Amino acid sequence: IGFSTLVFANIFLTLVNRSFYYSLFTTLKYKNNLVTLIIGITLAVLAIILFIKPVRMFFEFGITNMQQLSICVLIAFVSVLWYELVKWFKRMQKA
């Protein structure tokens, strides 16, 4: 579960750090096929590690259900969300 949380946090951090000024929702509109590809590959590898039994056993991970993965995504999002507040304060100071 910790590994999954770190992977999801890294994905969110990638999206948040696309701009040090504009919000995540603004930068999601930017076209960058490479970001989409890398995030897709990362999620595919994570799914292989978590759900393909021989691979999961190699890494000595336990069985992960969707509720646990949802909690991982939520924790990862909240752990990165604070930087959106920093960017918001920057925009408010400049306005």
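## A buried charged pair

Both lysine 87 and glutamate 84 are buried, where buried means under 20% relative accessible area, exposed means over 50%, and partly exposed is in between (1.4 Å probe, protein chains only). This is a predicted model, so local features need pLDDT of at least 70 and side-chain atom pairs count only at pLDDT 80 or more, while totals for chains, interfaces and linings use all residues. Residues are numbered from 1 along each chain as its sequence is written, and side-chain values use heavy atoms, with hydrogens and water left out.

Side chains of opposite charge can pair when their charged atoms come close. Here, lysine 87 makes a salt bridge with glutamate 84, with 2.9 Å between the closest N and O atoms. The rule asks for a side-chain nitrogen of Lys or Arg within 4 Å of a carboxyl oxygen of Asp or Glu, and by that rule the count is one salt bridge. Lysine 87 and glutamate 84 sit about one helical turn apart because they are three residues apart in helix α5 (residues 66–94). Helices are DSSP runs (H or I, at least four residues), numbered from the N terminus.

## Aromatic pairs

Now for the rings. The structure holds eight aromatic pairs; rings of Phe, Tyr and Trp (its six-membered ring) pair if their centres lie within 6.5 Å, with planes under 30 degrees apart called stacked, over 60 edge-to-face and the rest tilted. One of them joins phenylalanine 20 and tyrosine 83 edge-to-face, at 6.4 Å centre to centre and 90° between the planes. That pair links distant parts of the chain, 63 residues apart: phenylalanine 20 is in the loop between α1 (2–16) and α2 (24–27), and tyrosine 83 is in helix α5. Tyrosine 83 counts as buried because its relative accessibility is 16%.

Phenylalanine 58 and phenylalanine 59 are also edge-to-face, since their planes are at 85°, with ring centres 5.2 Å apart. Phenylalanine 58 is exposed at 66% relative accessible area, and phenylalanine 59 is partly exposed at 40%. Both belong to a cluster that ring pairs build from Phe3, Phe58, Phe59 and Phe61.

## A greasy surface patch

Which residues form a nonpolar patch on the surface? They are Leu34, Leu37, Ile38, Ile41 and Val45, with about 460 Å² of accessible area together. Patch members have over 30% relative accessible area and no salt bridge; nonpolar side chains (Val, Leu, Ile, Met, Phe, Trp, Tyr) are joined within 5 Å, like charges within 9 Å. Accessible areas come from the Shrake-Rupley method with a 1.4 Å probe. Leucine 37 is in helix α3 (residues 33–51) and counts as partly exposed because its relative accessibility is 48%.

Note on methods:
Helix = DSSP H or I, 4+ residues; strand = E, 2+ residues; numbered from the N terminus.
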